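Student: I have a structure open and would like to go through it piece by piece. Can we start with a helix and work outwards?

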Amino acid sequence: MESRDHIDTTLNHLFRQESGKMVAVLIKIFGIENIEMAEDVVQDALVSALETWKFRGVPDNPRAWLYKTARNKAIDVIRRKKHSKTIDFSDPQKQLLTSGYTLKATMNDFWEEDQIQDDFLAMMYACCHPDISRENQITFILKSLCGFSTKEVAKSFLTSEDTVSKRLYRTKEYFRKYKIRPEIPAQSAIVSRTSAVLSAIYLMFNEGYNSTHVDQLIREDLIGQAMSLCRSLLSGSQTRLPEVYALMALMCFHAARVDSRTTADGSLILLFDQDRTKWNPILIRSGEDYLNKASFGNALTTYHLEAAIAYQHCCAKRYEDTDWNEILGYYNILLDIAADPIVFLNRSLVILELKGPEDALKSLEKMKKNKLLEKYYLYHATLGEIHQRLSNHALSRVCYEKAIQLTQSKSEKQFLQAKITSNR
Amino acid sequence: MKQFMFLFKGGDEVWDTKSPEEQQKHMQHWQQWIGEMAQQEKFIGGERLYPHGNTIHPASLKVTDRPLTESKELVGGYLVVKANTLDEATEMAKRCPGLQWESHVEVREVWPEE
């Protein structure tokens with residue numbers, strides 16, 4: 001009998017990798033109004049794998065085994081439901097599922113390898129429909145396409161399982177109501193629709209990368225899943241856009257540094273103090289490759305510039321070697337493309353490095369009344385830092401305290417508290 | 001449009017001599033044939049039948065535990081399709097892959113409600 005651990009690891013990995021694709025194929029078969037049916041089949045296949053492999057060991061090709069099992073279970077469901085009204089068989093291809101003469105061969109066609117990837121991509125576009133709210137998009141992607149449990153999704157967003165279930169319900173209702181048919185958008189719409197998919201992916205990535213509240217395993221999972229979704233866009237000939245390469249590069253550069261960002265107990269380490277030997281050279285190398293590929297065509301997106309900035313940090317051997325001038329140049333173009341207050345804030349940190357606290361403060365003055373920044377703890381933390389360097393200790397302290405009030409993260413709070421203490 | 005039924009008779013002997021791969025390939029031909037009719041919105045439905053079954057005799061209600069027909073005549077399945085005329089339906093039926101494996105196809109018009 002195979003060790004339970006080995007089976008669990010294989011299955012877990014497989015489930016994360018494949019469940020979304022299986023769900024996408026099954027949704028194509030059963031229709032978007034029967035998402036639960038699709039998810040149940042995948043769940044059933046997983047349970048069968050667990051039970052069978054326990055006695056017979058993990059098969060040589062576990063992926064093929066899982067797909068075959070899901071396909072056979074789908075055939076069972078069709079046989080059971082073919083006279084009920086739950087599944088719409090009116091499409092000519094689906095009509096062939098209703099006869100014993102054609103059921104198996106037609107079912108096999110649905111699982112053709114080169115179609116699976118397209119079905120998966122089509123589902124991603126459906127999830128990122130502009131009418132669905134960003135948080136509902138990501139919740140659905142994690143649950144249905146990345147094989148997260150409701151509990152894991154809840155943990156990822158520091159919310160309750162109940163909220164997650166409601167979000168899933170709303171998305172499914174939307175699909176049902178508007179009879180959304182998952183498809184890769186036409187050439188004319190591909191850029192704008194892909195942009196929505198990319199923001200969902202990047203948000204998911206950031207949830208894993210930035211949030212210190214979530215437990216380590218889930219964070220790694222979020223980062224891995226975001227990168228894997230982006231990779232699947234790169235595998236499709238219609239979806240392989242320059243900005244997809246750019247986001248992939250950006251995520252590689254960030255992910256390369258993820259282990260050096262926190263101490264063993266989870267507190268943050270600033271870029272200045274990070275042990276650069278811990279940065280992952282393989283990820284940096286792949287990031288460079290992706291960034292090169294991102295430069296075909298005329299597209300220059302925020303991902304291109306953010307990746308270029310992250311790349312500058314990655315190539316500096318020591319903090320002192322950082323080319324702040326180059327970075328400031330990228331920030332200036334970035335502000336031209338998107339007048340984002342957060343970008344403005346980050347740019348002022350570059351000015352702080354390059355020209356000192358007076359200029360940095362002057363630059364931030366322009367953002368004084370910005371409502372978004374007013375509520376953003378890093379804005380106040382940055383002001384605290386600037387005032388500290390200007391020896392305005394009292395003012396600095398006020399800013400840090402404001403920042404502490406505004407962040408939820410325990411490690412951020414500790415970090416800022418340490419700043420105040422050193423300020424005295 | 002009228003409805004017609006294709007009754008497939010015999011051919012089991014040939015089927016049994018074929019390898020599973022050949023059988024699978026053969027069913028793909030059926031899928032292509034029926035798929036084309038479905039594309040033209042002429043396919044309504046149909047099923048394959050097991051060769052075993054019972055026969056109930058009139059009056060006595062005696063049950064014989066097999067179909068009465070000889071295996072050459074045994075109905076192995078049916079399809080219901082749409083066509084304008086018997087001739088058109090017959091032309092459609094001529095493309096049935098079962099004919100390659102010694103199955104006969106009987107084309108009959110469905111007697112509509114009057």
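Predicted model: local features only at pLDDT ≥ 70, side-chain atom pairs only at ≥ 80, totals over all residues.

Tutor: Helix 13 of chain A (residues 281-293) has 13 residues, which at 1.5 Å a residue should span 18 Å, and its end C-alpha atoms are 19 Å apart, so the two values agree.

Student: Which residues of helix 13 of chain A are buried?

Tutor: They are A:G287, A:Y290 and A:L291. Seen down the axis of the helix, the buried residues fall within an arc of 100 degrees, so they line one face of helix 13 of chain A.

Student: What covers the buried residues of that helix?

Tutor: The cover includes helix 12 (242-256) and helix 14 (302-315) of chain A.

Student: And which exposed residues sit on the face turned away from the buried side?

Tutor: A:P281, A:I282 and A:N292 are the exposed residues carried there by helix 13 of chain A.

Student: Switching to A:Y174. Where is it found?

Tutor: A:Y174 belongs to helix 9 of chain A, residues 161-177.

Student: Why does A:Y174 count as partly exposed?

Tutor: Because A:Y174 has 18 other C-beta atoms within 10 Å, and a residue is buried at 20 or more and exposed at 12 or fewer.

Student: What is A:Y174 in contact with, leaving aside neighbours within four places in sequence?

Tutor: On that basis A:Y174 contacts A:D131 and A:I132.

Student: On to chain B. How many helices and strands does it have?

Tutor: Chain B has three helices and six strands, and along the sequence they follow the pattern β-α-α-β-β-β-β-α-β.

Student: What are the spans of chain B, and what share of it is buried?

Tutor: The C-alpha trace of chain B spans about 45 × 45 × 20 Å along its principal axes. Of its 114 residues, 22% count as buried. Among the contacts in chain B between residues at least 6 apart in sequence, 77% join residues at least 24 apart.

Student: In what order do the strands of the open sheet in chain B come?

Tutor: The order is 2-5-1-6, four strands with antiparallel pairing. Strand 2 (43-48) and strand 6 (104-109) of chain B are at the edges with a single partner strand each, so one side of each has no neighbour in the sheet. From one strand to the next, the twist averages 15 degrees.

Student: How many bridges join strand 1 and strand 5 of chain B?

Tutor: Eight bridges, in the antiparallel sense, between residues 2-9 of strand 1 and residues 75-83 of strand 5 in chain B. B:K9, for instance, has B:V75 in strand 5 as its bridge partner.

Student: Which strands does helix 3 of chain B touch?

Tutor: Helix 3 of chain B (residues 86-93) packs on the sheet and touches strand 1, strand 5 and strand 6 of that chain. The direction of helix 3 makes about 155 degrees with that of strand 6 of chain B.

Student: Last topic, the two chains. How many residues of chain B are in contact with chain A?

Tutor: 14 residues of chain B are in contact with eleven residues of chain A. The elements giving two or more residues to that side of chain B are helix 2 (20-39) and strand 2. Helix 2 of chain B gives the most, with eight residues.

Student: Polar or nonpolar, that side of chain B?

Tutor: The side of chain B that touches chain A divides into five nonpolar, seven polar and two charged residues.

Terms used. Residues numbered from 1 in each chain as written. Chains lettered and ligands numbered in written order. Pairing = 2+ DSSP bridges. Axes fitted to C-alpha atoms, helices over the stretch in contact; angles between N-to-C directions. Contact = placed C-beta atoms within 7 Å. Nonpolar A, V, L, I, M, F, W, Y, C, P; charged D, E, K, R; others polar. Expected span 1.5 Å × (residues − 1). Arc of directions from axis to C-beta.
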